[in-house]
Amino acid sequence: MKKVLIIEDNPDNMLLISDILELNGYAIIRAETGLGGLEVLLATRPDFIILDIQLPDISGFEVLGRIRANDSTKQIPVIAMTSYAMLGDKERLLSAGLDGYLEKPIDTDRVMDQIREALGVAP
Amino acid sequence: MKKISLKLRIILFVFLVSTIPLGLFLLISIDQSSKAMVDIIAKRLQGESRLVARSIEGFITQRVLELQVISQADVLEQESANRIGRYLKEIRKEDKWITAFYVVSLSGRVIASTDENLHGGSFFDLYPTAKELFNKSKEAEQDDVFISEATEFVDGAGLLMMTPITDDDNIDVIKVLVARVDFVGIVELLNLLDTQILGKNKASVIDANGAVIASAGDVYGAARVSQRVSVNPKVLEHVFSESGFGYLFYTNDLGDELVTGYAALSGFGVNKAISWRVIESLRLEDVTLSVNRVRNTTIFVGLVLSLFSISIAYVFSRNISRSLREASSHAEQIGRGDFSRSLSFSLGGELGMLATAFNTMAARLNNTQEMLREKNDELVLTAENLRDREQNLEVTLNSIGDAVVTTDAHGLITRMNPVAEQLTGWSLHEAKGRPVKAVMPIVNASTREVIANPVEKVLATGEVVFLSNHTTLISKNGNEYQIADSAAPIRNGNDTIQGMVLVFNDVTESYRLRHEKDLALASIRLSEERFLLVAKATNDVIWDWDFVSNTVWWNDSMQNVFGHALDELEPGAESWTNRIHAEDSQRVIAGIHRVIDGGGYHWSDEYRFRRVDGSYAQILDRGYVIRNAKGEPTRMIGAMMDVSERKKNEKELENHRRHLQELVEEKTHELIRANERLQEMDRLKSLFIASISHELRTPLNSIIGFSSIMKRGVYGELNQKYKDYISRVNRSGQHLLSLVTDIIDISKIESGHVEVELSDFFIDELIFNAVEDIRRQAEEKGLSLSTDVPRGILLHTDRTRLLECLLNFLSNALKYSEEGVICVTVEDKDPDLLLTVSDTGVGMSEQDLTRLFEAFERFESHLRVKAGGTGLGLYLTKKIATELLQGEVGARSVLGEGSAFWIRIPKTLAATSETGGVFA
C-alpha cells in the first residue's frame with residue numbers, strides 16, 4: 001500500500017483530503033505543522049507528500065526547501081494544497097520545484113486525477 | 001513667290017520656338033525624374049533593411065533575456081525530470097517562438113524537456129553540431145548566453161541558445177539550459193513588417209555563406225538551410241565587406257539591373273555568433289517601367305500638340321497675306337477719291353504695295369485741309385468778343401456780398417455767384433438749367449411749412465417781391481440758413497420778361513443770437529427755482545460761502561440733520577469751522593484752502609462734525625469754487641452728507657465677510673481630512689474584502705468537499721430526504737464559491753492589484769476555444785452555436801481577461817435562452833475590435849438594460865430562479881473591459897426576442913504604468 005504524508009493544520013481540510021485518499025487505497029500519515037511533518041517524513045519515507053502552503057510554524061515553501069535539501073528525501077514528489085488563486089501563482093509554485101498543486105476548495109471529483117497527473121502516473 | 005515665303009517663315013518660326021524646346025524639356029525632365037525615383041527607392045530599401053535588422057535583433061534579444069531569467073528558477077537545480085519538464089512546459093506556453101526547451105546534464109544527457117519522450121536521451125543525437133557550443137556553455141558563467149549559427153535540424157532549421165544552470169551559490173555549472181528557436185518566427189516577423197515597395201521586393205535575411213535564412217512571404221521558410229537560394233556573389237561580397245548599412249546597384253547573371261538595400265545585424269550572445277545581413281532587392285526595370293510609361297504618354301501628347309500648333313500657324317499665315325492684298329487695293333481706290341467702300345485693315349508684312357497707294361491719297365487730302373483752316377480763323381474772332389462781355393459781368397457778380405441767382409423766362413437757373421453757390425450748396429455747374437425751387441427750397445422758420453418761391457410770382461406779374469424774415473433756406477448738404485431776399489424781373493429791349501434776378505443774404509447769425517437770449521433767460525429762472533427746491537428736499541446740508549462778504553448761507557438741513565437752528569449760527573465761516581472735530585479741524589481747513597488758493601475748483605473731505613447735542617457725525621463734504629474772469633475765487637458752494645450710518649454698515653459687512661472666509665477655510669480643511677479618511681477606508685475595504693474572501697475559501701473546502709462525498713453515499717446509502725438536503729448544501733456551497741471568486745476579482749481590480757498580461761494572439765483562435773468550452777452545455781439545452789469571425793485579426797492585449805469577458809457573455813446567453821441560436825460575431829473597427837454575443841433568449845426591457853452592468857442586478861424574469869449566477873458577472877465584465885482592457889461594454893435587447901452583449905476594446909492595448917504587485 002502506498003503511503004502519503006499530509007501536512008495540513010486545518011482539521012477539516014485534513015479529514016477531507018485524507019478520507020478521499022483513504023477511499024482510493026492510500027495509507028495516510030498526518031502532520032499538523034511544518035516541522036512535525038519534516039520529523040515524520042524521515043521516519044516514514046512516504047511515496048508522496050501533500051503540503052499546505054500556509055502552515056502555523058514555517059511556510060510550505062520552507063518545508064519544500066528542506067525536503068529538497070536532504071539527499072534522502074529530495075526525490076519524493078510534493079503536491080501543494082493552496083487557496084492561492086492569483087495570476088502567476090501557478091508559475092511561481094512550479095518554479096519552486098513542486099510537482100503539482102491542488103487549489104482549495106478541492107474538486108472531489110477531479111482531485112485524484114490531479115494527483116495522478118502530478119505524480120506522472122497514468123490515470 | 002513672296003506669298004509662299006511668308007507662310008513658310010511663320011510655320012518655321014512656330015516650329016523653332018515651340019516644338020523643339022518642348023521636346024528637349026520633356027526628354028530632360030523624364031530622365032531626371034527617373035534618376036530621382038531610383039535614388040528614393042534605393043534609400044527606402046536601405047531604410048527598410050535597417051528596420052528589419054533592428055526588429056530581428058529585438059526578437060533575439062528578447063529570447064536571450066528570457067533564457068537568463070528562466071535559467072535561475074530553483075526547480076532547474078533539482079533532479080526530478082517530471083518537475084523540471086512540467087515547469088518548462090508551463091513557461092513554453094508564454095512564448096510560442098521557442099520551439100523547445102532542454103535541460104541537459106554536463107555529460108550531454110537530456111534531463112528534462114518540453115517533450116517528455118526525450119527525457120534520458122542523448123542531446124547530441126538530437127543536435128550533433130551543437131557539441132562545441134555546448135562545451136563552451138559548460139565553462140561559462142551564470143547569465144552567459146551562447147547562440148549557434150543557423151542550424152539545420154531533423155525537422156526544420158533555426159538557432160540553439162544555451163546558458164549554464166549554476167548551483168545554489170551560482171558558481172559551479174551543473175546543467176545547461178537549451179532553447180531552440182526556429183526561423184519560422186523570423187519569417188513571421190518579416191511578414192508582419194510588410195516591407196513591400198511597388199509590390200515587388202521582399203526582405204531576406206542572409207548569412208555569410210550567402211544562404212537565405214528567412215525571407216518575407218516564405219511560407220515554408222523553416223525548411224532547410226542547405227536548400228536555400230544562394231545570393232549573388234557580388235552582393236554577398238559587398239554587404240559583408242561593411243558592418244553598417246547602405247545600398248548598391250549591380251547586374252545579375254540574367255543581365256537584370258538591380259538595386260539592393262542592406263543592413264547588418266549585430267552579433268549575439270557571448271560568442272557573437274550571428275553574422276547576418278538583411279537585404280532587400282528590387283529590379284531597376286520595375287522602377288523605370290512606371291517612369292517609361294509616363295514618358296511614352298508625354299511624348300505622344302507633345303507630338304500631337306506641336307502638330308496642332310503648326311496647323312494653326314498655317315491657317316493664320318494664309319489669312320494675313322490675303323488681308324494685306326485686299327487692303328492695298330482699297331487704298332488705291334481712296335487715292336482716286338472713291339470713298340464708296342470702307343477699308344478693313346489687318347496686320348501684315350507686305351507694306352511695299354501699300355506705300356504708293358497712300359501717296360496719291362495724301363495729295364488730295366491736303367487741298368481740303370487748306371479750306372477748313374480759313375473758316376476756323378473767322379469763328380475764333382467772334383468768340384473772343386463774346387468772352388470779354390461775359391467776363392465783365394462775372395467780376396461784378398462775384399464781388400457782391402449778397403447771393404445772386406438769375407433765371408431765364410421759365411424760372412430755370414442761368415447763373416449763380418459764389419455766395420449763392422455757398423448758401424444753396426449747389427455749384428453753378430450743377431444748378432444751371434434747374435428750376436429755382438429745386439435748388440433753393442425755402443420753409444417757414446418756425447412752422448417748417450414750405451413757402452412758395454417768389455420766382456413764379458415775379459415771372460407772372462413782373463413785380464418785385466420781398467420775402468418775410470422768418471424764411472429758412474435748406475441747402476443741398478442739409479445746412480439751414482435764415483435768409484432775407486428779394487426778386488426782380490429782367491426785361492429785354494421789347495420790355496418782355498426774359499428772366500429774373502433773385503438777391504438774398506444770410507441772416508442766420510443775428511436770428512440765432514436773438515433766439516438764444518430768450519432761451520437763456522428762461523433757463524436761469526428755471527435753475528434758480530430748481531436749486532431752491534433741491535435745497536429744501538435734500539437731506540444733504542448745503543452751504544454757500546461768499547468770500548467777498550465772508551457770509552455763509554445754510555439750507556434747512558443744517559437744523560434737520562445736526563440740530564443747529566439757522567438763526568443761532570455765526571454769520572461767517574466760523575459757523576462751519578467751530579463745529580469741526582478738534583482732531584480733524586486743522587487738516588480740513590488746510591485742505592480747503594489749498595484748493596481755494598491753489599486755483600482749484602473741486603474739494604472734498606471726510607471729517608467729524610458736531611451735532612447740537614455735542615455728539616459727532618461722520619461727514620462727507622464736497623464743494624465747488626466759483627471764480628471770476630480773472631480766476632480769483634469769489635464764492636464756494638457745497639454739500640455735507642452724513643455718512644455715519646454707512647460707515648457703521650461697512651464695518652459690519654467687513655466683519656461678516658471675514659467670519660465667512662474663516663468658516664469656509666475651516667470647512668475646506670474638514671473636507672480634505674474627510675476625503676483622506678475616505679480614501680484610506682476605501683483602500684482598507686478592498687483589502688478587507690480580498691482577504692476575507694480568501695479566508696472564506698478554506699471553510700468552503702469543507703462544505704463543498706464533504707457534501708459532495710456524502711451525496712455519492714460513499715460510506716453507506718443516504719435516504720432520499722438527506723440526499724436532497726445534502727445536494728442543496730453542495731449547490732449553495734458552489735454558489736458561495738463563485739460569489740467569493742467574483743468578489744476577489746472585483747476588489748483586486750478596484751484596489752489596483754491587477755497586472756495586465758499582454759500577449760499576441762489571434763481572435764479567431766480565442767473564440768474557437770471559448771465556444772468549444774460551452775458546446776456541450778449548449779447542446780444539452782438544445783441550443784445551436786454559430787460564429788462569424790474574420791480570420792487572422794491579431795490582438796495585443798490580455799488574453800485571459802478577454803476570454804473571461806467572452807465566457808461571461810456566453811454563460812449568460814446559455815442561462816437565459818431556452819431555444820434558438822447563440823451567435824458570436826467579431827467586427828474589425830480599426831483600431832478597435834467589436835465582439836458581440838447575441839442570443840434568442842428571453843430578452844429584457846429598457847429599464848433592465850440600464851441597470852444591467854451594476855452589481856447584484858440580475859434582471860427579473862420567469863427564468864430567474866433557474867438561472868442561478870452571482871449577479872456579479874456583468875459587473876465584473878464591465879470592470880475588466882473598462883479598467884483593464886481600456887474598452888467599453890454594452891447591451892441591447894428586445895423583450896421576448898433576445899439580447900446582444902458587446903465589448904469593444906482596442907486591438908493593441910497600450911502598456912500602463914499603473915500595475916500593482918500581484919496580490920497574494
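How much area is buried between chain A and chain B, and what percentage of it do carbon and sulfur atoms give? In this predicted model, the area buried between the two chains is about 3100 Å², and carbon and sulfur atoms give 55% of that area.

**View 1. The interface of chain A and chain B.** Contacts link 38 residues of chain A with 36 residues of chain B. Across this interface there are 3 salt bridges, and 13 residue pairs, both members at pLDDT 80 or more, are in polar contact. At least two residues of the side of chain A that touches chain B are supplied by each of helix H1 (11–23), helix H4 (89–95), strand S5 (100–103) and helix H5 (111–119) of chain A. The largest share of this side comes from H1(A), which gives 7 residues, and by class the side of chain A that touches chain B has 17 nonpolar, 10 polar and 11 charged residues.

**View 2. A salt bridge between B:Arg83 and A:Asp99.**

View 3. The side chain of B:Arg697 is joined to that of A:Glu103 by a polar contact of 3.2 Å. Within chain B, the C-alpha atoms of B:Arg697 and B:Thr741 are separated by 9.0 Å, although the two residues lie 44 residues apart along the chain.

Methods: Residues numbered from 1 in each chain as written. Chains lettered and ligands numbered in written order. Predicted model: local features only at pLDDT ≥ 70, side-chain atom pairs only at ≥ 80, totals over all residues. Heavy atoms only, no water. Contact = heavy atoms within 4.5 Å. Buried area = accessible area lost by both parts, 1.4 Å probe. Salt bridge = Lys/Arg side-chain N within 4 Å of Asp/Glu carboxyl O. Polar contact = N/O pair within 3.5 Å; in protein donor to acceptor, adjacent residues only side chain to side chain. Helix = DSSP H or I, 4+ residues; strand = E, 2+ residues; numbered from the N terminus. Nonpolar A, V, L, I, M, F, W, Y, C, P; charged D, E, K, R; others polar.
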